[in-house]
Amino acid sequence: DKTLFEFLVLESAQAGLNWITILRKREGYRKAFCDFEIRSVAQMTDEDVERLMQFDGIVKNRLKIRSAITNARLFLAIQKEFGSFHDYILSFFPDRKPVINAFRSLSEIPASSPESDAMSKDMKKRGFKFFGPTICYAYLQASGFINDHLTDCICRKR
């Protein structure tokens with residue numbers, strides 16, 4: 001779940017930005033958000049937000065910083081309800097198994113899916129921020145719940 005939380009923070013921070021911007025700041029996010037320790041992030045205060053607004057290692061967007069804290073609190077609530085965030089994610093998948101697509105070209109890869117649409121809708125209802133269907137789909141790809149590697153990609157077999 002810690003890795004899933006890290007990916008959630010990073011994907012949410014990426015909203016509206018180039019992905020490489022966030023990847024280059026990944027270590028900054030690790031430092032800013034307590035090595036992605038969910039409980040520590042959930043306990044962050046307004047003073048922490050102000051401190052992070054001065055920290056060069058992350059994107060200085062007050063709404064995104066606050067959303068990481070809010071999302072940590074909601075992440076903990078989901079863990080309590082479902083046992084783990086991993087189990088929560090699987091609840092949106094047929095037979096609770098990841099999806100392996102068989103696309104042959106990049107143009108076939110969608111921006112969202114029924115799973116990401118449903119998960120994003122549920123998360124929005126719970127109060128999560130910066131986690132629409134497209135960001136949710138990218139999150140599910142990055143965390144291995146959706147495999148969109150093209151059929152001839154060497155990474156597909158991993």
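**Cavity.** I started with the lining of the largest cavity, where α1 (2-14) and α6 each supply at least two residues. Helices here are DSSP runs (H or I, at least four residues), numbered from the N terminus. The largest share, 4 residues, comes from α6. I noted the lining residues, among them Val9, Ala13, Tyr29, Phe33 and Ile65. The volume is about 50 Å³, and the count comes to 1 cavity of 30 Å³ or more. For my own reference: a cavity is a set of points on a 1 Å grid over the protein atoms alone where a 1.4 Å probe fits but cannot get out, and lining residues have an atom within 4 Å of a point. The volume is the space filled by probe spheres set on the points, which are joined across faces, edges and corners.

**Ground rules.** I kept in mind that this is a predicted model, with local features needing pLDDT of at least 70 and side-chain atom pairs pLDDT 80 or more, while totals for chains, interfaces and linings use all residues. Residues are numbered from 1 along each chain as its sequence is written, and side-chain values use heavy atoms, with hydrogens and water left out.

**Phe75.** Next I looked up Phe75, in helix α6 (residues 62-82). Phe75 has a relative accessible area of 0%, so I put it down as buried (under 20%; exposed is over 50%, partly exposed in between, with a 1.4 Å probe and protein chains only). Beyond its neighbours within four places in sequence, Phe75 touches Asp1, Leu4, Phe5, Leu8, Ile38, Phe85 and Phe128 (contact: heavy atoms within 4.5 Å). I also checked Phe33: 42 residues from Phe75 in sequence, and 14 Å away, C-alpha to C-alpha.

**Salt bridges.** I found 14 of them in the structure (a side-chain nitrogen of Lys or Arg within 4 Å of a carboxyl oxygen of Asp or Glu). In one, Glu37 pairs with Lys2, the closest N and O atoms being 2.9 Å apart. Glu37 lies in the loop between α3 (26-32) and α4 (38-42) and Lys2 in helix α1, so the pair ties together parts 35 residues apart in sequence. Glu37 is partly exposed at 37%, and Lys2 is partly exposed at 34%.

I then turned to Arg126, which bridges to Glu81 with closest N and O atoms 2.9 Å apart. This pair links distant parts of the chain: Arg126 is in helix α8 (residues 114-126), Glu81 in helix α6, 45 residues apart. Arg126 is partly exposed at 27% relative accessibility. Through shared partners, salt bridges join Lys2, Glu6, Arg26, Glu27, Arg30, Asp35 and Glu37 into one network.

Key. 1 Å grid on protein atoms, 1.4 Å probe; cavity = no way out; pocket = protein on both sides within 12 Å on 5 of 7 lines; lining within 4 Å.
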